[in-house]
Amino acid sequence: MQGAGRRRQNTIYRAGVLGRRPAVPTDFAELERRARKASSRAGWAYVAGGAGEGRTMRNNRAAFDRWAIVPRMLRDVADRDMSSELLGTALTAPLLLAPVGAGQLIAADADLHTARAAAATGVPYIFTNQGGTPMEETAAAMGAASRWVQLYWSTDEALVDSLIHRAEAVDAGALVVTLDTTVLGWRPQDLNLGSLPFAKGLGIAQYTSDPHFRDVVQRREKSDQSPEVTLGAIRSLLSITRNHPGSFWANLRSPHPRASVETFLDIYSNPRLSWDHIATLRGRTRLPIVLKGILHPDDAKRAFDEGVDAVVVSNHGGRQVDNAIAALDALIGVRDAVGPERTVLMDSGIRTGADVFTAIALGADAVLLGRPYMYGLAIAGQRGIEEVVENVIAELDLTMALTGVKSLAEITRDVLVPNPS
């Protein structure tokens, strides 16, 4: 019988008979190469770059190489099932699209392209807190398809509440609180270009569309100082003006766009974030609460003790701390610490369907896909994202068939061995 893998293969091969090729490469190396060619220097630095010397990014990939899949034969795998339920969200495959900030550096309507691609492929999308499109518009683009919403904890508690209430209003399936970006990591690729997208008005639409944030900006305007005038400052002002809600010419005459950027830079993230803040969440939202950025087993246990519903084992794709533990390695310790019943997701380093299979085997209930779908976006827009997602799911399905497992429950550590090669 045809599963997702066979269907995807047939689509590609039948199109090949007519001389047509996939919109995006089906292997990650070529996907990455073509995405780099299609991206601006600043866009590539932000999306593909990592912290420091890039050792955490390499650690993430090396961790997958330390495990080998051991296929079993003669298991009758004609009927396979990749479906599950996660915090009340039905999944047809154990995959969600990760929140990726400042996607405007790759495509002007990155959030809308991603939302529509997620809806088309049946994969939930976690709206980024650092998007270029307000969450209300992004939700409308998805229709009834599943979405979660990311939260960066601001220094302004009223803004935190406002963002939470808006997430509830767009029918988010969960609130994903990202913990590991209370300050930005040391990112040489961005630093060498002097490129911070938020300073140019990119990736702050959740804020400029927020009523509380706009009130804060209006108060700030009265005491704002004029910036130093340079050619670079003028270019930045034009970018801020273009990306701010409203008419370009009205924005150009107004102090509001620049004041919005300055306000954002002052309050967007909170280095004082602690367990005391997390303890307040249950009284502030009816949504399931997910903590993203957990790497230590003790933090995972504390999270569940505080009443959260799930954790995401993640090192932010290697973008925050150089030479941090690989997320896949951390996943093993976290799952062992919290037991089999807790909901544990994982991201950082996922590239292929075989990677998803390995992560599930080592304890993940589902994974978040990040850079690969952004590379698909860079090459072919919404269609590129859809094909990347379809390819990952197809390879996962085929890996299950060829390994002799019929459901996610059968993907256990028994299907892996430490890689003898």
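## The largest cavity

In this predicted model, the largest cavity holds about 430 Å³ of space, and a search of the whole structure finds two cavities of 30 Å³ or more. The lining of the largest cavity is made by 30 residues, and those that lie nearest its centre are Pro99, Val100, His316, Gly317 and Arg319.

Among the elements around this space, helix H3, strand E11 (366-369) and helix H18 each supply at least two residues of the lining. By class, the lining of the largest cavity divides into 13 nonpolar, 11 polar and six charged residues.

## The second largest cavity

The second largest cavity contains about 60 Å³ of space. Its lining includes Phe127, Thr128 and Asn129, together with Met135, and also takes in Val149, Gln150 and Leu151; further lining residues are Leu163, Ile164, Ala167, Leu175 and Gln206. Two or more of the lining residues come from each of strand E6 (147-151) and helix H7 (157-169).

The lining of the second largest cavity comprises eight nonpolar and four polar residues, with no charged residue, whereas six charged residues belong to the lining of the largest cavity.

## The largest pocket

The volume of the largest pocket is about 410 Å³. Of the 20 residues that line this pocket, Gly3, Ala4, Arg7, Met82 and Ile393 lie nearest its centre. Helix H1 (4-17) and helix H18 are the elements that give two or more residues to the lining, and the largest share, five residues, comes from H18.

Sorted by class, the residues lining the largest pocket are eight nonpolar, five polar and seven charged.

## Packing of H3 against H18

Two packed helices are described by the angle between their axes and by the distance between those axes. For helix H3 (residues 41-48) and helix H18 (residues 371-403), the axes come within 11 Å and cross at roughly 160°. Angles over 145 degrees count as roughly antiparallel, and H3 and H18 are therefore roughly antiparallel to each other.

The crossing in which H3 passes H18 is right-handed. On the H3 side the contact is made by Trp44, Val47 and Ala48, and on the H18 side by Arg371, Met374 and Tyr375; by class, this contact has five nonpolar residues, no polar residues and one charged residue.

## Packing of H17 against H18

Helix H18 also takes part in a contact with helix H17 (residues 353-361), where the two axes come within 7 Å and cross at roughly 60°. H17 and H18 are therefore oblique to each other, and their crossing is right-handed.

In this contact, Gly353, Ala354, Val356 and Phe357 of H17 meet Val392, Glu395, Leu396, Thr399, Met400 and Thr403 of H18. The contact of H17 with H18 divides into six nonpolar residues, three polar residues and one charged residue.

Notes. Residues numbered from 1 in each chain as written. Predicted model: local features only at pLDDT ≥ 70, side-chain atom pairs only at ≥ 80, totals over all residues. Heavy atoms only, no water. Axes fitted to C-alpha atoms, helices over the stretch in contact; angles between N-to-C directions. Helix = DSSP H or I, 4+ residues; strand = E, 2+ residues; numbered from the N terminus. Parallel < 35°, antiparallel > 145°, perpendicular 65-115°, else oblique. Left-handed = near helix turned anticlockwise from the far one by under 90°. Contact = heavy atoms within 4.5 Å. Nonpolar A, V, L, I, M, F, W, Y, C, P; charged D, E, K, R; others polar. 1 Å grid on protein atoms, 1.4 Å probe; cavity = no way out; pocket = protein on both sides within 12 Å on 5 of 7 lines; lining within 4 Å. Points joined across faces, edges and corners; volume = space filled by probe spheres on them.
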